[in-house]
Amino acid sequence: MALQCTNSYLADSLALFRYYKNLAERAMAQVTDQQLVEVLDEESNSIAIIVKHMAGNMQSRWSGFLTSDGEKPGRNRDLEFVEPPATREALLATWEEGWSYLFKAIEPLSEADLTRTVTIRGEAHSTMQAIHRQIAHYTYLCGQIVLLAKHLNHNGWKSLSVPRGKSEEYNRRVQTGEASQR
């Protein structure tokens, strides 16, 4: 997807969410089913647990986005960090479901909605602040997915950005329109 120059906060936010969703998906595609559930140590999360947490967060934050608190009473955040989905298919279905909440909430918004007030855990946020908060959180988590995937598949890793030693070639490709920074 080529970078689209825009002054629309909503359009750019959606583009960023889609970019990082795709980045994490490309990373997950490079690991085995077993590697999806591997942890580096007892305090670390696996890729599957990160996905489960993201999906739980997305369901809570984005369902009833403009009308209810972003931390839903039925959410049990602690359970998001145990017992990941049993298969890759179930994991990816959980992933897609979480993202569907986000896109269904943001796509219909207008620029005028950005100044509305929403709450997360009882704290007031402008809609723009709430979106920005989630962009930061999800990029942080997608980065963890990429780091874990790269670590677990270090011998077979295919770069998701600019490969080492290829900066000049990449810059030339961006300048000629053959590649994009997003």
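R121 is partly exposed, with a relative accessible area of 45%, where partly exposed covers the range between buried, under 20% relative accessible area, and exposed, over 50%, computed with a 1.4 Å probe on protein chains only. This residue lies in the loop between β1 (117-120) and β2 (123-126), and R121 has a positive phi of about 55 degrees although it is not a glycine. The model is predicted, so that local features need pLDDT of at least 70 and side-chain atom pairs count only at pLDDT 80 or more, while totals for chains, interfaces and linings use all residues. Residues are numbered from 1 along each chain as its sequence is written, and side-chain values use heavy atoms, with hydrogens and water left out. Helices (H or I, at least four residues) and strands (E, at least two) are DSSP runs, numbered from the N terminus.

**Backbone with positive phi**

- Most residues other than glycine have a negative phi.
- E83 has a positive phi of about 45 degrees although it is not a glycine, and E83 is placed in the loop between α3 and α4.
- With a relative accessible area of 68%, E83 is exposed.
- G64, which comes just after α3, takes a positive phi of about 60 degrees.

**Helix α3 and its surroundings**

- Helix α3 (residues 47-62) has 16 residues and reaches 22 Å from its first C-alpha to its last, close to the 22 Å expected at 1.5 Å a residue; the expected span is 1.5 Å times one less than the number of residues in the helix.
- Because 14 of the 16 residues of α3 are buried, this helix is largely enclosed by the rest of the structure.
- S60 lies in helix α3 and, at 2% relative accessibility, counts as buried.
- Leaving aside residues up to four places away in sequence, S60 touches D69, G70, E71, K72 and R75, contact being defined as heavy atoms within 4.5 Å.

**Packing of α3 with α4**

- Two packed helices are described by the angle between their axes and the distance between the axes.
- The axes of α3 and helix α4 (residues 88-106) come within 8 Å and cross at roughly 30 degrees; axes are lines fitted to C-alpha atoms, for helices over the stretch in contact, and angles run from 0 to 180 degrees between N-to-C directions.
- The helices α3 and α4 are therefore roughly parallel to each other, given that angles under 35 degrees count as roughly parallel, over 145 as roughly antiparallel, 65 to 115 as roughly perpendicular and the rest as oblique.
- The crossing of α3 and α4 is left-handed, a term used if the near helix is turned anticlockwise from the far one by less than a right angle, whereas clockwise is right-handed.
- On the α3 side, A48, V51, K52, M54, A55, M58, Q59 and W62 meet L91, T94, W95, G98, W99, Y101, L102, A105 and I106 of α4.
- The residues of this contact of α3 with α4 divide into 13 nonpolar, three polar and one charged, with Ala, Val, Leu, Ile, Met, Phe, Trp, Tyr, Cys and Pro counted as nonpolar, Asp, Glu, Lys and Arg as charged, and the others, Gly among them, as polar.

**Packing of α3 with α5**

- The axes of α3 and helix α5 (residues 127-152) come within 10 Å and cross at roughly 165 degrees, and α3 and α5 are therefore roughly antiparallel to each other.
- The crossing in which α3 passes α5 is left-handed.
- Residues of α3 that meet α5 include I47, I50, H53, N57 and R61, and their partners in α5 include I131, R133, H137, L141, C142 and L152.
- By class, the contact of α3 with α5 has 14 nonpolar, five polar and two charged residues.

**Helix α4**

- The 19 residues of α4 should span 27 Å at 1.5 Å a residue, and the end C-alpha atoms of α4 are 27 Å apart, which agrees.
- In α4, the residues R88, L91, W95, G98, W99, L102, F103, A105 and I106 are buried.
- The buried residues of α4 pack against α1, α2 (33-36), α3 and α5.

- Y170 is found in helix α6 (residues 167-175) and is buried, with a relative accessible area of 19%.
- Not counting residues up to four places away in sequence, Y170 touches V162, A179, S180 and Q181.
- The C-alpha atoms of Y170 and Q181, eleven residues apart along the chain, are separated by 9.3 Å.
- L16 is placed in helix α1 (residues 9-28) and counts as buried at 19% relative accessibility.
- Between the C-alpha atoms of L16 and L109, 93 residues apart along the chain, the separation is 16 Å.
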